[in-house]
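Please look over the sequence and the model shown here before reading on.

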Amino acid sequence: MDQLALLFVLLLGAVVSVPVGDRFGLPAPVLMTLLGIVLAVLDFVPNVEIPPELILPLLLPPLLYAAVRRTSWRQFTANKRPIFLLAVALVFVTTVCVAAVAHAVVPGLPVAAAVALGALVAPPDPVAATAVAGQLGLPRRLVSILEGEGLFNDVTAIVLYHVAIAAAVSGTFSPWRAGLDLVLSAVVALAVGVVLGWGANRLLDFLGDTTLQIGLTLLVPYAAYVLAEELHGSGVLAVLTCALFLAEYATDPDDVLTRLAGHAFWDIVDTLVTGVAFGLIGLELHNAIRTASGRWGEMLGWAAIIVAVVIVVRLVWLLPATWLTKKLHARRDSEDEDIPVSWRETLVMWWSGMRGVASVALALAIPLETDEGSAFPDRDEIVFIAFGVIMVTLVVQGLTLPWLVKRLGVRADTEGEKTFERELALRAAKAAKGRLREIEAAEELPEELSEQLLRRAFEIGVRISPEMGEEERREGHEHRVRRLKRLRRIQGEMMSAARHEVLAARGEAGANPEVVDRVLRQLDVRSLR
């Protein structure tokens, strides 16, 4: 098997792992990691030959961009306190605790190298947390906090990692310089993200074509990451800023085709890149196995101690942090901030701290030599311990998290979501009716046309929330609902006949397939309205 065949296996696994995971209640990223582990121990499977310094630039930008598309700037601002406590403060605390313990238990491990180990195992993976939490039907407030933590903690961890690596390689360290680097990295990243977001927004308007616009959205996160890194900023923060800017300002409510195609495109990208990323985590296991040759007992003991530190520190931090956040929240006039409301939800957040892509990339990117030409101190030990943390938190916690959620009974407020959906459906229908009244006041509309348009306005709400029709029926609109359902059924059959006829024309002699596809796309969009 060569590298190209291995890539195809990972892509196929990424697609298949989604329905398999849904069927057995297991997270797809965890299944892909297990697939990678199986492939790693097979003799005929080649070692992965991706330069470590390319793993983050290749995989993180699309994954971060896809994750940001599912959230909003409003959610981040509403959860700024818990996100800060997890994405910034907890990363610092975990880094310090891991560094202190590693320096004490691993003979001869320098402080700078220990800090590098702490930084690379400190941040939970945003993709793993989002994928796992989304599948389990957790309360939205927990998903929002986990997403925010996962998206922003890499910024803190990567900066700490680079500072520690620089100190280990050069032999010098300045706390003031490290703090300045952190601030400058954030400022540069924010500037790059905003500028690129603004420029991409203007360019989207200029391109006009749906295919070109979606293609640009694929290039933008890579451009933000690379440009920020070239300017010594945080590539992760630049991608997040740019993606949030585009999510807020580059959405045209009337551009139905681009929105539908964009969602489909990014769902595909997210599925494939996520699968490949976590498959690579499993495949890289051979690096850890090779470094432990002849020292299994000793290195497994070190890894077990660091795994325990990572897991315990998160729990010990979450308990008082949740209490503090509740106290701060209680003093606010606004009720917007989402926080865990029970010890059960706090335990779920604790067990959701899975490490992943960023930790693997940072571990493999540790230099082989220092500036003096000597070997990087205890590099093999650091890589092995890092993989131990990644495998335990990702595989063990990922596989047991569904059981824990079920056991604790932590579920989303589905009734509240349905209520909000009905409210949005009602608002949409009222907005359509309000616009119809404005048009009727400005134009002369036949009574029959006005009545038909009024039914269409009501149909908008029913399509979003069928239960809205139930409420309307109780209010004396039974005949309108029945007529609407019949109209929708007949319209559906008419559109189906139209699509069948257009598709049949695709095989006729002289038919232009591009024209057929264009007409079919218009029919598809019309069917969704």
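The sections below go from the whole chain to single residues and pairs.

## The model and its confidence

This is a predicted model, in which local features need pLDDT of at least 70 and side-chain atom pairs count only at pLDDT 80 or more, while totals for chains, interfaces and linings use all residues. Residues are numbered from 1 along each chain as its sequence is written, and side-chain values use heavy atoms, with hydrogens and water left out.

The score called pLDDT is the predictor's confidence in each residue, on a scale from 0 to 100. Its average over the protein is 81, and 86% of the residues score at least 70. Confidence is lowest in helix α20 (residues 466-474), where the mean is 53, and highest in α10, where it is 93. Over residues 333-338 the pLDDT stays under 50, and for this stretch the model has 16 contacts beyond four places in sequence, a contact meaning heavy atoms within 4.5 Å. Where pLDDT is low, the predicted coordinates should not be read in detail.

## The overall fold

The secondary structure comes to 22 helices and zero strands; helices (H or I, at least four residues) and strands (E, at least two) are DSSP runs, numbered from the N terminus. Among contacts between residues at least 6 apart in sequence, 80% join residues at least 24 apart.

The accessible surface of the protein is about 26500 Å², and 63% of this belongs to carbon and sulfur atoms; such areas come from the Shrake-Rupley method with a 1.4 Å probe, and for residues only the protein chains shown count as cover. Of the 529 residues, 46% count as buried, where buried means under 20% relative accessible area, exposed means over 50%, and partly exposed lies in between (1.4 Å probe, protein chains only).

## A buried threonine

Threonine 94 has its place in helix α5 (residues 80-105), and with a relative accessible area of 3% this residue is buried. Leaving aside neighbours within four places in sequence, threonine 94 is in contact with Ala122, Val313 and Arg355. The C-alpha atoms of threonine 94 and valine 309 are separated by 8.1 Å, although these residues are 215 residues apart along the chain.

## Two salt bridges

Side chains of opposite charge can pair when their charged atoms come close. A salt bridge is counted here when a side-chain nitrogen of Lys or Arg lies within 4 Å of a carboxyl oxygen of Asp or Glu, and by this rule the count comes to two salt bridges. In one of them, arginine 314 pairs with glutamate 149, with the closest N and O atoms 2.7 Å apart. Arginine 314 belongs to helix α14 and glutamate 149 to helix α8 (residues 140-170), so the pair ties together parts that are 165 residues apart in sequence. Arginine 314 and glutamate 149 are both buried.

The other salt bridge joins arginine 435 to glutamate 438, where the closest N and O atoms are 2.9 Å apart. Both residues lie in helix α18 (residues 414-442), three residues apart, which is about one turn of the helix. Arginine 435 is partly exposed, at a relative accessible area of 48%, and glutamate 438 is partly exposed as well, at 49%.

## Aromatic pairs

A pair of aromatic rings is described by the distance of the centres and the angle of the planes. Rings of Phe, Tyr and Trp (its six-membered ring) pair if their centres lie within 6.5 Å, and planes under 30 degrees apart count as stacked, over 60 as edge-to-face and the rest as tilted. The structure holds four aromatic pairs. In the pair of phenylalanine 265 and tryptophan 266, the ring centres are 5.7 Å apart and the planes stand at 85 degrees, so the pair is edge-to-face.

Phenylalanine 265 is partly exposed, with a relative accessible area of 26%, whereas tryptophan 266 counts as buried at 2%. Ring pairs link Tyr65, Phe265 and Trp266 into a cluster.

## Two loop residues with positive phi

Histidine 232 lies in the loop between α10 (210-230) and α11 (235-249), and this residue is exposed, with a relative accessible area of 68%. Its phi is near 65 degrees, a positive value in a residue other than glycine. Aspartate 378, found in the loop between α16 (357-364) and α17 (379-408), has a positive phi of about 55 degrees although it is not a glycine.
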